[in-house]
Amino acid sequence: MQKYPAHNVMGQPLHPCSVDPLTGYFRDGHCNSCVEDSGSHTVCAVMTKEFLAYSKYVGNDLSTARPGLRFPGLKPGDQWCLCALRFLQAHEEGCAPGVRLDSTHLKALDVVPLEILELHRVD
């Protein structure tokens, strides 16, 4: 799999999102992406209680650990490379998590306008 160039939405080098828990399509701590990443796991999101509840409600339970899949389960404050479309859906429902722009891959802009990402920016 050939990764897209590692640039963030500001056109700068992509910063890490999280190594604890270890995130990313490639499980390298970055929101890197490639052609095979059909979910576009490109938004570095800071989990909130509201977003985790919303995600579970729509069928993607991110808060329950799945040891067999090496998934620890997420809690508020954890950072995670989120699918761009799921982020956009959460935004439209009023429960989007925070976003680390320096760690959000440029490919997220194929799905989510920069103005929306900026609304949820956290430093």
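Guide: What follows goes through the ring pairs and then the charges over rings. This is a predicted model, in which local features need pLDDT of at least 70, side-chain atom pairs count only at pLDDT 80 or more, and totals for chains, interfaces and linings use all residues. Residues are numbered from 1 along each chain as its sequence is written, and side-chain values use heavy atoms, with hydrogens and water left out.

There are three aromatic pairs in the structure; rings of Phe, Tyr and Trp (its six-membered ring) pair if their centres lie within 6.5 Å, with planes under 30 degrees apart counted as stacked, over 60 as edge-to-face and the rest as tilted. One of them joins Tyr 25 and Phe 26, edge-to-face, at 5.3 Å centre to centre and 85° between the planes. Tyr 25 is partly exposed at 30% relative accessibility, and Phe 26 is partly exposed at 23%; buried means under 20% relative accessible area, exposed over 50%, and partly exposed in between (1.4 Å probe, protein chains only). Another pair, Phe 71 and Trp 80, has ring centres 5.4 Å apart and planes at 75°, so it is edge-to-face. Here Phe 71 is buried, with a relative accessible area of 9%, and Trp 80 is buried at 7%.

Phe 26 also has the charged end of Lys 3 over its ring, 4.9 Å from the centre. A charge sits over a ring if NZ of Lys or CZ of Arg is within 6 Å of the ring centre and within 35 degrees of the ring normal. Lys 107 lies over the face of Tyr 4, at 4.6 Å from the ring centre.
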